[in-house]
Amino acid sequence: MTDPGINEGHLSVLRSFLAPGEIITPGSPDYLSNVQTWASQKQLNPRLVVKPATIETLSMLVAYLYSTDLDFAIYGHGFMSTSAKDVLINMSAFDDFHFDKHSELATIGAGQTWEDVYRKLRRTAPDYGIVGARTPCVGVAGTIISGGFSWLSGEFGCISDPGNMLDAKVVKYDGSVVWASREPQLLWALRGGGGGFGVLVQVVLRVFPYPQTIWAGPILIPREQLEEVAGGIAKFVSKPLDPKITMFLYVVKKRLLESIGTDTDMLVIHAFDAHGEVHGRASFQWALDIPGAIDQTRITCLEGVANLQNKVHIFKGSMKQFWAALLLPEISKKTIIRAIRWSEDIQKLDESLADCTYLIFELLSSREPVGSSSNCAWPRLAGGKHILLLGTGCPAGSGPSKETLARDLAIEAASKILGEDAEYCYLPSGLEDFHDVKKVLPNRPRCVYESLAYSV
């Protein structure tokens, strides 16, 4: 039976320029893997998935869909959880990779994940680095249009910054194919302006020689040492630091750490020092010396650093999720303690919500764009250096009351931790329908606000 949302007329046209292998229906065995959203409440169960294999097919597809009243979207692998009621375009066939050593540029198919990119760069140019996402399972295109943060962002800025993303091949709404550099306003909008400006097919990114003996990984410290950890971090990030040093802070519950025999929740300092082990141990000696610290760091390359987060994808679709991702100019001991206690208060309120809550400090992970901020659709908070990633949620099967509670917790999270008058801004990559887009992107053209509202 034909689904009433996609009538035979639409199907006939689509089949005229799509091969059978480019059409995925809800009954197909690989349907779920091509539509799965991160946040389960945003899953719209599209009636049809199309997976164009060539830019010519994609061009015809985009032009046709824009001429109809069908609800359609471009599938993303990441946290924005893009879906559609009628047609979802999966871009994973656009997975090319070309490295030019002379220009030190890589031309990359925008439909692949960063795991693919790191692997191909490692194979093709093992001594080179790239400003790419920290979470390997997220997609290239989605990170660029929402800014994109990297382990190297404290040194080189966002993935979408002009110094990193030089150009993009785009299929526009009428099916025309352009390099965005020929339309400067389009290129500007793609740099953190959200979706809705066209379909990214390829991106040209700068690559550069980069150390491949990076000292990185977790230092686990008992929760009881929160005061010392918070004080140590605040002191550490308050002084001038080499831009090749960065770190995360998060909490892992004791029941997930049975292999090391802990009887307490652990604070995790995920260290990163591209200068190597000797420099890294000296830089983070204050953390290694905290009583009870467990050192799980190692020497690895950029691909290896990214792969330390390669288990994140297993949670995709398992929960209803709401984000409050903040950019902060400073981090204090008080802020760290209040954030940890905020997450523990959720544990006391409802353990199932606590199991779906994220709290990650991504420290020393941002900088202002190189050159004029007017070259980016998202200019960022002046002086912003740290990200506080807050995500609240509940299991996917939870009822409306728990979903509402999780949503309310996300709405209130920033003010609960930072205070009503704190200086911060929300990141485009974590925008929800309850965020004020005009505060995230002040003084931007209306098209950017409409685009981000659409992508949310």
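**Exercise 1.** At what angle do helix H7 (residues 226-238) and H11 pack, and how far apart are their axes?

*Solution.* The model is predicted, so local features need pLDDT of at least 70 and side-chain atom pairs count only at pLDDT 80 or more, whereas totals for chains, interfaces and linings use all residues. Residues are numbered from 1 along each chain as its sequence is written, and side-chain values use heavy atoms, with hydrogens and water left out.

Step 1. H7 and H11 pack at an angle of about 135°, and their axes are 8 Å apart. Axes are lines fitted to C-alpha atoms, for helices over the stretch in contact, and angles run from 0 to 180 degrees between N-to-C directions.

Step 2. H7 and H11 are therefore oblique to each other (under 35 degrees is roughly parallel, over 145 roughly antiparallel, 65 to 115 roughly perpendicular, the rest oblique).

Step 3. The contact (heavy atoms within 4.5 Å) involves Leu226, Glu227, Ala230, Gly231, Ile233 and Ala234 of H7 and Lys333, Ile336, Ile337, Ile340 and Arg341 of H11. By class, these residues of the contact of H7 with H11 are seven nonpolar, one polar and three charged (Ala, Val, Leu, Ile, Met, Phe, Trp, Tyr, Cys and Pro count as nonpolar, Asp, Glu, Lys and Arg as charged, and the others, Gly among them, as polar).

**Exercise 2.** Determine how helix H11 (residues 333-349) is oriented against helix H13 (residues 400-418).

*Solution.* Step 1. The axes of H11 and H13 come within 10 Å and cross at roughly 155°.

Step 1. H11 and H13 are therefore roughly antiparallel to each other.

Step 2. Residues of H11 in the contact include Thr335, Arg338 and Trp342, and those of H13 include Leu405, Leu409 and Lys416. The contact of H11 with H13 has nine nonpolar, two polar and two charged residues.

**Exercise 3.** Describe the backbone and accessibility of Glu104.

*Solution.* Step 1. Glu104 has a positive phi, near 55°, in a residue other than glycine.

Step 1. Glu104 lies in the loop between strand E5 (97-100) and strand E6 (105-109).

Step 2. Glu104 counts as partly exposed because its relative accessibility is 27%.

Methods:
Helices (H or I, at least four residues) and strands (E, at least two) are DSSP runs, numbered from the N terminus. Buried means under 20% relative accessible area, exposed over 50%, partly exposed in between (1.4 Å probe, protein chains only).
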